[in-house]
Amino acid sequence: MEPLFALLIGVLVGTGVFLLLSRTIIRVVLGLAFIAYGVNLAILTVAGLRPDAPPLLTLKGPYVDPLPQALVLTAIVIGFATTALLLTVALRAYQVAGHDDVEAFGDSLARDPDSPDGLASDASYLGPDEPTPARTSTRRAPRRSA
């Protein structure tokens, strides 16, 4: 049973890494989810796969440590919440930028789409997409006496 789980862990993590290296934001989110599923399965596999050993202390026989199962259950809940948050952020980034290419995002997401002039949300921050303002000299030209 362990070789089958090892193969499944390898497929999940390999698929996750493949999707994570993509330029599409939805594939990146799904890649992170696949890697999380593979790690959860690895934690369960390392804890021991014994169908004859329950994690219940009220039954006789050899016992399985219930801690990895509790950790995986917690990781599943946290992973679901994180995936939902990342998908929400990805949807908003797509709505603002108009594309889902991760590499092309740059700092264009810092612009306020509701602003009529299209300026950045934080006017004091100039991202790498925006040119630096020309420095103006504070010195005045000398006056000529008449």
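**Figure 1. The protein chain is built from three helices and zero strands.** In this predicted model, the elements follow one another from the N terminus in the order α-α-α. Two of these elements, helix 2 (25–47) and helix 3 (67–97), return in the views of the cavity below.

**Figure 2. Burial and surface of the protein chain, which has 146 residues.** Of these residues, 18% count as buried, a class that takes in residues with under 20% relative accessible area. The accessible surface of the chain comes to about 11,200 Å², and carbon and sulfur atoms account for 66% of that area. When contacts between residues at least 6 apart in sequence are considered, 39% of them join residues at least 24 apart.

**Figure 3. One cavity of 30 Å³ or more is present in the structure.**

**Figure 4. The lining of the largest cavity, residue by residue.** The residues that line the largest cavity are Ala 33, Ala 36, Tyr 37, Asn 40, Ala 75, Ile 76, Gly 79, Phe 80 and Thr 83. Helix 3 gives the most to this lining, contributing five residues. Sorted by class, the lining holds six nonpolar and three polar residues, while charged residues are absent from it; Gly 79, one of the lining residues, belongs to the polar class, because Gly is counted there.

Conventions: Residues are numbered from 1 along each chain as its sequence is written. This is a predicted model: local features need pLDDT of at least 70, side-chain atom pairs count only at pLDDT 80 or more; totals for chains, interfaces and linings use all residues. Side-chain values use heavy atoms; hydrogens and water are left out. Helices (H or I, at least four residues) and strands (E, at least two) are DSSP runs, numbered from the N terminus. Buried means under 20% relative accessible area, exposed over 50%, partly exposed in between (1.4 Å probe, protein chains only). Contact means heavy atoms within 4.5 Å. Accessible areas come from the Shrake-Rupley method with a 1.4 Å probe; for residues, only the protein chains shown count as cover. On a 1 Å grid over the protein atoms alone, a cavity is a set of points where a 1.4 Å probe fits but cannot get out, and a pocket is an open set with protein on both sides within 12 Å along at least five of seven lines; lining residues have an atom within 4 Å of a point. Grid points are joined across faces, edges and corners, and a volume is the space filled by probe spheres set on the points.
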